[in-house]
Amino acid sequence: MMFTLPKKVTIIEVGPRDGLQNEKQFVPTEIKKQFIAGLRNAGIQEMELTSFVSPKWVPQMADAVEIVLDSYSPAGRDIVLAPNSKGVDRVYSTNCKAVAVFVGVSNTFNKKNINKTTPESMIELKPIIAELKRKNYFVRACISTAFYCPYEGKINEEDTIQLCREFVGSGVDELSVADTIGMASPTEAHSLFSKLKTEFPNTLLTAHFHDTRKMALANILASLQAGIDRFDTSAGGLGGCPFAPGASGNAATEDVVYLLERMGIYTGINLDKLVDSIEIVRPYLSRSIETGYFKLHAPSP
Ligand code: HMG
Ligand code: MG
């Protein structure tokens, strides 16, 4: 092998949040709970459960409180997204102790997604992050449009690094750096993640690839070579941001786990049980699941 690889990789399952947020039909809350339980049973240790956003903007996440009250587990790390103080106040009413804030490097995308420019979001979020840290919460910062924006095109690498710097300076524990519309190339992924690894040795660094152009697995391999050992993935390859046209699903958990395990990298995830968990939610989706591993291993209809 010409490159060094980690022995172990952490998968952060984003299926119940990124995976479902863009589904047209409301997935029944009970099914979401069973999906989360199935993913846990498959060995998922870190997971985005839901998001505390405006139900007018993202109706699919309207049951966030109920999901967390029922499904939160302190065993691994369950995370919820929140865009503002109203969202974080709702998180405070639950047991959840890990919050993801999210901002786009691109102003235009950020405005479409959370109705603020990127600098306005940072002004709002810094005191919120400081309060979360004072209260001992785990804080993850999701950096959208880190490579390309559906409205502004190519993003300057230095602008992404600068936004990461601001978040690290404000005390976050993790940066999840996203190729929102699946346009990054492996060379671009390797370049950005190598620089982030060097500059932020004490921050958890996670890569979040959407698979719009089927480059997510190649980008994951390139990121592994840059030293990244944490990946956001979504069971069944579900996902996409309602405010990023062209953003199809995330890298599929089953395909990523298969890739990693075939390279001798431990993930702790049981693929059969993962397929079972996808089967729970599949009948309620408006899309079919086309991921390689699932198509080979799902029970016949
Ligand atoms: P706004 O309209 O500017 O907000 O939206 P507002 O403060 O004027 O409030 C409007 C209404 O929303 C009010 O209700 C508020 O109470 C309510 P009304 O008085 O009209 O009845 N509201 C809330 N309700 C529940 N929870 C809240 C909340 N905040 C306000 N937290 C806002 C601003 C941020 C709320 C809105 O733009 C929003 O909810 N955006 C969420 C967008 C979203 O969820 N996007 C997907 C997640 S990010 C993503 O997928 C990318 C990622 O995967 C990485 C990648 O791939 O790039 C992470
Ligand atoms: Mg995403």
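**Exercise 1. Determine how far strand β8 is covered, and on which faces.**

Solution. Strand β8 is mostly covered, with 6 of its 6 residues buried, where buried denotes under 20% relative accessible area, exposed over 50% and partly exposed in between (1.4 Å probe, protein chains only). Strands are DSSP runs of E with at least two residues, helices are runs of H or I with at least four, and both are numbered from the N terminus. The structure is a predicted model, in which local features need pLDDT of at least 70 and side-chain atom pairs count only at pLDDT 80 or more, while totals for chains, interfaces and linings use all residues. Residues are numbered from 1 along each chain as its sequence is written, chains are lettered from A and ligands numbered from 1 in the order in which they are written, and side-chain values use heavy atoms, with hydrogens and water left out.

Next, consider the two faces. In a regular strand the side chains alternate between the two faces of the sheet. In β8, E174, S176 and A178 lie on one side and L175, V177 and D179 on the other, and all are buried.

**Exercise 2. Describe the surroundings of S176.**

Solution. S176 belongs to strand β8 (residues 174–179). With a relative accessible area of 1%, S176 is buried. Neighbours within four places in sequence aside, S176 is in contact (heavy atoms within 4.5 Å) with R140, A141, C142, I143, T206, H208 and D232. The side chains of S176 and D232 are joined by a polar contact of 2.7 Å. A polar contact is a pair of N or O atoms within 3.5 Å; within protein, one must be able to donate a hydrogen and the other to accept it, and residues adjacent in sequence count only if both atoms are side-chain atoms.

**Exercise 3. Which residues coordinate the magnesium ion (ligand 2)?**

Solution. The donors are D18 (OD), H208 (NE2) and H210 (NE2), at 2.1 to 2.3 Å. Donors are N, O and S atoms within 2.8 Å of the metal (3.2 Å for Na, K and Ca); water is not among the atoms, so the site may look incomplete. The sequence spacing of the donor residues is D-x189-H-x1-H. D18 in helix α1 (residues 15–21) and H210 in the loop between β9 (204–209) and α9 (216–225) are 192 residues apart, and this pair links distant parts of the chain. D18 counts as buried because its relative accessibility is 2%; H210 is likewise buried, at 4%.

**Exercise 4. Identify the buried residues of α9 and what covers them.**

Solution. In α9, A216, N219, I220, A222, S223 and L224 are buried. Their cover includes β8, α8 (186–199), β9, β10 (230–233) and α10 (253–262). Just after α9, G227 takes a positive phi of about 100°.
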